[in-house]
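Please read this briefing with the sequence and the structure open beside it, and look up each residue as it is named.

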Amino acid sequence: PPAEHYREYLEEAYHPQFDAHQAELGVIRGFQQEMNKDFREEWEAKTGDGGLHAAYDSDARNERLDGEGVAAEVLFPDADVLGTGRVASSPFGSGLGNPTDCDGELVFAGARAHNRWLADFCAKEPHRRIGVAVVPITVDVDAAVIEVHEVADRGLRGVMIPTRWFDAPAYHEAVYEPVWSAVEERGLVLHTHSGAGPADYDPTGPGAMAIYATEAYWWAARPLWVLVWSGVFERHPDLHYVIAENGAWWVPDLVTKMDEKFLGGHNTRKMGDAFRQTISMKPSEYIDRNCFFAASTPGVEDVGRRHEVGIGNLLWGNDFPHPEGTFPYTRELVRRRFRDLPHDECRAILGHNAVDLYGIDTAALAPLVERIGPLVAEIHGDTPLQEVPDDRA
């Protein structure tokens, strides 16, 4: 929601800091008003408000998703991606912003406010919405463990941790062990999300945005090998981890090289047992058992490598309401991407993998699914492809 909506969910003691912080963000809002103005106006002319009202209005969201044929969804925070000046982020930078050099107390107050709002939003459609809580573990591990239990009690089904740890301990260090234990104990799904990038170059320099976009997938993927090699999944076999909105095309090559190093060979002999000190199985076995790739709006390359990634490890997403997502052409874009795949593989990637991972009640959703589809014939039928008036085809 717009940032001011969080105020009522924030402890009153933090209202003065919240108001001051929102005033500071006014400058950024003014700047965002001019960002990609032409694109924003074109997008809103096509979609109304770009779907942003449906980002936090329950009835509006249901109406949009019904039209798109989306029965259930996993919900993440938090950024305004259209340059509307809303700066719709979890308070005090506690969302996707990966807070650094900040007041940890304020960051956790903001995270709690977001999680309370999200729990209320999901409670309006408890079978349809799977909420992912913000838990900034790099700021305060003890507070993180408390929040993990709080969000589980509130009915949220996952936690999102910062993708980058910056100057905090990296995720292979023992300080985070209580967090992994708590998440596993409560049966929550652990998530990281793309978006964090390098911080060692001038963001206004030549090619800066292109450099960031090229490197973003690597930063989002980095926690995967840190968690695998450090034995987190060895110690926590029931901990499930999702990398969201980062595709899956890169997974097979990475896993092949990790397995090669674990098994050993001429090029790693000099390192002794460095690759086998903390794990007893091949990296690919942990990744197959514990890890999932939420490839929002998967590309041709993601779908094409699905068997190498693992049919059971790939999750489709619509990335609503971001303009790079499938909205408002979800039905047609799903048909274009999946019509030539076997039915069982489509069912897994488009829904059943998520059903199993998040414990979704399919019986409760059945009447909705019956009403909104999409039908098998709609995806796999012989009807000619429809025009999609943009470049996502």
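At what angle do helix α5 and helix α6 pack, and how many Å apart are their axes? This is a predicted model, in which local features need pLDDT of at least 70, side-chain atom pairs count only at pLDDT 80 or more, and totals for chains, interfaces and linings use all residues. Residues are numbered from 1 along each chain as its sequence is written, and side-chain values use heavy atoms, leaving out hydrogens and water.

**The helix pair**
- Helix α5 (residues 141-153) and helix α6 (residues 177-185) pack at an angle of about 5 degrees, and their axes are 9 Å apart.
- The two helices α5 and α6 are therefore roughly parallel to each other, a term used for angles under 35 degrees.
- In this contact (heavy atoms within 4.5 Å), α5 contributes V141, A144, V145, V148 and H149, while α6 contributes P178, V179, A182, V183 and E185.

- The buried residues of α6 (under 20% relative accessible area, with a 1.4 Å probe and protein chains only) are V179, W180, A182, V183 and E184.
- The cover over these buried residues of α6 includes α5, β3 (158-160), β4 (189-193), α7 (208-229) and α8 (232-235).
- Just after α6 comes G187, which takes a positive phi of about 70 degrees.

**N313 in its loop**
- N313 is placed in the loop between α12 (306-309) and β7 (314-317), and at 3% relative accessibility N313 counts as buried.
- A polar atom of the N313 side chain lies 2.9 Å from the backbone oxygen of C291.
- Not counting residues up to four places away in sequence, N313 touches I287, D288, C291, F292, F293 and N353.

Technical notes
Axes fitted to C-alpha atoms, helices over the stretch in contact; angles between N-to-C directions. Helix = DSSP H or I, 4+ residues; strand = E, 2+ residues; numbered from the N terminus. Parallel < 35°, antiparallel > 145°, perpendicular 65-115°, else oblique. Buried < 20%, exposed > 50% of the residue type's maximum accessible area, 1.4 Å probe, protein only. Polar contact = N/O pair within 3.5 Å; in protein donor to acceptor, adjacent residues only side chain to side chain.
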